[in-house]
Structure formats: C-alpha cells, structure tokens
Amino acid sequence: MTGFTTTILHNDRQSEIEHGSIHKPIHSAVTFGYADARELADVFQGKKAGYRYGRQGNPTVTALEDKITKMENGVASLCFSSGMAAIGAIPLGLLKNGDHIVSSAFLFGNTSNLWQTITSLGVSTSFVDATNVANVEAALTPNTRIVFVETIANPRTQVADLKEIGELCQARGILFVVDNTMTSPFLFHPKTVGAGLVINSLTKAISGHGDVLGGCITDTGAYDWNLYPNIAPNIKKQAPAMWGINQLRGKALRDFGACLSPDAAHQIAIGAETMALRVERQCSNALQLTELLAASDKVAAVHYPGLKNHPQHGLSSELFKAHGSIFSFELKPHIDCFDFLNRLNIPISATHLGDNRTLIIPVAHTIFFEMGQERRAAMGISESLVRVSVGIEDSDDLLADFAQALAAF
Ligand SMILES: *Cc1c(COP(=O)(O)O)cnc(C)c1O
C-alpha cells in the first residue's frame with residue numbers, strides 16, 4: 001500500500017493504457033461497438049464487463065471512480081455531474097414514499113433545500129443538532145432509512161458526533177451517509193466511523209481549481225446491504241457488496257442521467273494529483289489566519305475547529321489530519337462586513353470552497369439569504385457572519401492583507 005499522493009499519481013497505470021500514456025486519455029465516444037454481436041448482448045445482460053452507452057459508464061470516468069475509491073479506501077464509486085447530483089441520487093436510488101431521513105441541521109444550503117423538496121414526494125426529514133448523538137437517536141423512527149451528516153459543517157464549522165453516530169447506525173442497521181466534501185478524503189475517511197456511503201463534491205478540494213463541476217458516491221464496504229429494505233429483486237441477483245452502487249447506477253444515474261462528462265472527469269483527475277499538497281497548505285493558512293483574527297479586538301467570534309476554544313476541537317483533532325480550509329467569523333458590531341471585505345486585496349468576494357484562491361463571502365446576504373432569518377438562526381448563522389475558504393497563497397501575504405484590513409477600522 002503506497003501513500004495517498006503516490007497512489008493517486010500512479011493509479012491509472014494499474015491497468016494498461018494505450019501508448020504508455022501517463023494518465024487515462026479522454027474517451028469521448030458515447031457508444032461502444034463489439035466485433036461479435038453476442039458479446040454486445042452479454043455486456044447488456046451483465047454477463048461480461050464492458051461499456052455500452054456513455055450515460056451509464058465511460059472509461060475516463062471509471063478511471064476517476066477507481067481513483068476516488070482508493071482515496072476513500074472503499075469498494076466502489078459512482079461519479080455524477082455535480083455534488084448535488086450525487087446527493088440527489090441517494091433519495092432517487094435508495095428511498096421510497098414513506099421513508100424517513102435523520103439529517104444534521106447544519107448542512108450545505110442546497111442539501112437542506114433538497115431534503116425539503118422531497119417532502120412532497122413522501123420522504124420526510126428530521127433535522128437535528130448532530131454534534132450530539134442523543135439528538136440523532138431521539139429522531140429515529142421505524143421508517144428511518146438513512147442518517148446523513150457532513151463532517152465539518154459549512155459555514156459555522158460544527159463537527160458532527162461522527163464516531164457515536166456511526167456506532168448507533170451500526171447497532172440499528174441503518175445506512176450512515178457522510179458528506180466528506182469539507183474534509184476531503186485526504187483529511188478523513190468516513191469509513192473509519194462506519195459510514196456506508198460517502199459523498200464528495202469533486203468541484204471543491206478534489207479538483208481544486210474552480211474550473212469543473214463533479215460529484216461522487218463511494219461505497220466504503222462498511223454497510224451490510226442485506227439489511228437494506230429497498231433493494232430491487234434484479235439487483236439482489238448480484239453480490240451484496242455491490243447492491244448499493246448498482247442500484248444507484250441503475251435507478252439514479254441511468255434513469256435520471258446526471259452523468260459526469262469524460263472531459264470533466266479528466267480535469268478532475270488532473271486536479272486530484274495535487275490535492276494533498278493544496279489541502280495541507282490551505283489548512284496551515286487557515287490556522288494562521290484564524291489565530292490572527294481571534295487575537296484581534298475588532299473580531300467578535302471566530303469559528304474554526306483548529307482553535308482550542310472550538311466546541312469540537314478535541315474530536316476534530318482526533319479524527320481529522322488537519323482542521324480544514326474553511327472558517328467563519330463575526331466582526332464587532334461597529335464594523336460593516338461589506339466595508340471590511342472591500343478593504344481586502346487578495347481574497348475574492350465569491351462563493352465556492354476548496355479553491356486555490358482565497359474566497360470570502362458574507363453568508364446571510366448571499367448563500368443563506370433564501371432561507372430567511374429564522375432558519376439561519378436555527379443553524380447558528382448570525383446576520384454578520386463571514387465565511388472564508390482559504391487558498392494556497394503565501395501565508396505572509398494573506399496575514400498581511402487581513403492585518404491591514406483589520407487596522408482600517
Ligand atoms: C459544494 C458542496 C456540495 C455540492 O457540490 P456541487 O458540486 O456544487 O454540486 C455538497 N456538499 C457540500 C458540503 C458542499 O460544500
């Protein structure tokens with residue numbers, strides 16, 4: 001077993017590549033032909049491995065899926081056109097009318113909206129404070145099919161009670177789904193806390209350059225699919241380890257069609273080669289910036305799991321290789337957050353996370369505006385909260401820029 005980056009760099013060549021190419025080429029063909037017509041039928045009937053039509057599988061996308069499976073130490077992965085398409089595949093492929101989700105209340109805004117959207121399709125969600133397993137346990141019903149959490153929540157950086165929730169799900173035979181986007185597979189493997197499925201938005205740290213969208217679901221092998229009630233009879237003819245991914249491939253990817261393009265898969269794979277280097281630098285920059293802000297009398301609060309006063313600092317230190325590239329903060333009331341942002345020279349006022357460039361955004365006025373003040377308050381989001389996605393710039397430059405902006409008020 002090689003290390004994280006060595007594995008990513010050399011994984012494609014574990015299978016033979018044309019002309020000794022150092023990475024998997026972009027296969028743009030939508031359909032795949034067979035010299036023997038019987039072979040085509042065997043591929044369609046699942047008797048033989050092979051590609052048939054681009055929406056259901058493509059060699060360049062498979063190469064990326066293999067890479068992400070290795071990154072997560074899982075058994076299989078399935079890529080989608082965006083992180084939300086991957087999350088949306090969970091109810092489409094695995095849930096039925098009458099089923100129930102227990103979800104962290106501290107969620108990526110669009111995921112939170114998605115759980116509300118599917119209420120009209122008969123799938124209900126209980127939103128709980130997932131920093132304490134007792135809240136998750138209290139919300140379970142006989143119809144609960146999945147428990148869904150993020151690792152570090154965006155933007156307030158609450159860390160879910162991952163180990164305890166994993167144990168609870170294991171004891172009850174419930175599928176535990178973890179969105180690992182905020183930590184990335186470099187900082188954390190949700191498999192170690194019993195997650196059966198892991199979501200990664202490939203748009204963020206894994207690709208890293210703000211130029212491509214993608215999403216992925218990885219089956220870690222930790223969940224026994226024999227316990228899952230919604231597996232279709234035709235899927236049950238296959239090996240149980242593949243039931244989850246195969247049902248997701250059929251019912252969600254094939255039938256709804258949100259497939260990743262081969263060009264995007266290639267771009268993401270190239271970005272992934274440097275993920276560990278980028279994330280290490282981002283986490284180091286984030287820690288230095290949050291220490292600077294926490295020491296300033298212009299700042300009312302800083303939220304970052306790397307700071308000792310963060311409520312889940314201990315858990316974050318225990319589970320994650322570093323504390324992530326996202327933090328949020330509140331300025332003292334006399335400082336208008338828009339004036340402060342406009343004073344900064346390096347960070348770009350923009351949404352998005354995990355980019356090479358430092359991005360900064362006032363949360364209540366933008367990404368969480370649609371939610372309204374009441375729901376924001378329930379998620380711990382104050383009206384003046386500012387989120388920072390820390391990039392890989394030279395730390396001295398970032399520190400000097402924040403220091404000059406603070407000094408201006
Ligand atoms: C960005 C993000 C998503 C959605 O990913 P897209 O690729 O933008 O669709 C899901 N979960 C988390 C935690 C995210 O940060």
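**Salt bridges, a lone aspartate and a sheet**

Asp12 pairs up with Lys67 in a salt bridge, with the closest N and O atoms 3.4 Å apart (the cut-off is a Lys or Arg side-chain nitrogen within 4 Å of an Asp or Glu carboxyl oxygen). This is a predicted model, where local features need pLDDT of at least 70, side-chain atom pairs need 80 or more, and totals for chains, interfaces and linings use all residues. Residues are numbered from 1 along each chain as its sequence is written, and side-chain values use heavy atoms, leaving out hydrogens and water.

**Salt bridges**
- The rule above gives nine salt bridges.
- Asp12 and Lys67 are both buried (under 20% relative accessible area; exposed is over 50%, partly exposed in between, with a 1.4 Å probe and protein chains only).
- Arg357 and Asp355 also form a salt bridge, 3.1 Å from N to O; Arg357 is partly exposed at 42%, while Asp355 is buried at 4%.
- Lys48 meets Glu39 at 2.8 Å, N to O, in another salt bridge.

**Asp401**
- Asp401 is buried but has no salt bridge, and Arg343, the nearest side chain of opposite charge, is 7.9 Å away (Lys and Arg count as positive, Asp and Glu as negative; His and chain ends are not counted).

**The sheet**
- Five strands make an open, mixed sheet in the order β8-β9-β12-β11-β10 (strands are DSSP E runs of at least two residues, numbered from the N terminus; pairing takes at least two DSSP bridges).
- β8 (299–303) and β10 (348–349) are the edge strands, each with a single partner, so one side of each has no neighbour in the sheet.

Technical notes
Helices (H or I, at least four residues) and strands (E, at least two) are DSSP runs, numbered from the N terminus.
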